Amino acid sequence: MKIKTKNFGEIEIEGNKVINFQEGILGFPDETRYAILEFKKDDPFKWLQAVDNPKVVFVIIDPCLIFPDYKSVVTAENIGLPDSNIQDADIFTIVTIPENPVDITVNLQGPIIFDFKKHIAKQFVLYNKLYTTKHRIFPAVK
Amino acid sequence: MLILTRKLGESVNINDDIKITIKEIKGKQVKLGIDAPKNATIHREEIYLKIQEENKLAASRSLPHNLRKAINILKKAKKGK
């Protein structure tokens, strides 16, 4: 299927690559279908593009590449799903790139958990005092 | 807004499946117990709003040239190690 993107014009994606966010992403309740766009296999950053609205796109990253301990904190209990098993789930987090890209941050308080087999995903709120919406990727700035 | 007065241990029911109970009152803090269906989404408001705000900012800044700059800095940081 063809989708319109914010940054890359109209592109073709496989229909089975569409991921359903039943509740949308916080702040974007109207967009429920997204696709992950990746242009280079080894690029840690990927694009999460809303399928039905080209204007809505996020840069996402596997947070464990930068914060190796993070996955152990994203437990079912900490995201309000005490009865679920999310051990093997795929987690991505949204990246914010400010005016000065050195100050790039990752939102570790709002992880997105994907089930690629079922083509579904949801942004959760992580209740853990260690993590906030803005974690710097580059810790020291000169 | 509907405003109800409740005592410690009393509850409020919303529809047939949501029940909010006053569990503890300590000075200016109130502990609530919430029974709701599994698919109900319940958040502390200030954290919920913070994530909404961050998402909106992230979406407004999601441009390839911004990302490219960040990647270049990342590469330089790696080389420096």
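How many helices and strands are there in chain A? This is a predicted model, in which local features need pLDDT of at least 70 and side-chain atom pairs count only at pLDDT 80 or more, while totals for chains, interfaces and linings use all residues. Residues are numbered from 1 along each chain as its sequence is written, chains are lettered from A in the order in which they are written, and side-chain values use heavy atoms, with hydrogens and water left out.

Chain A contains one helix and eleven strands, where helices (H or I, at least four residues) and strands (E, at least two) are DSSP runs numbered from the N terminus. Along the sequence these elements follow the pattern β-β-β-β-β-β-α-β-β-β-β-β.

The C-alpha trace of chain A spans about 45 × 40 × 30 Å along its principal axes. Of the 142 residues in chain A, 48% are buried, a word that stands for under 20% relative accessible area, whereas exposed stands for over 50% and partly exposed for what lies in between (1.4 Å probe, protein chains only). Among the contacts in chain A with a separation of 6 or more, 49% join residues 24 or more positions apart, a contact being heavy atoms within 4.5 Å.

Two residues, H119(A) and N15(B), have a positive phi although neither is a glycine.
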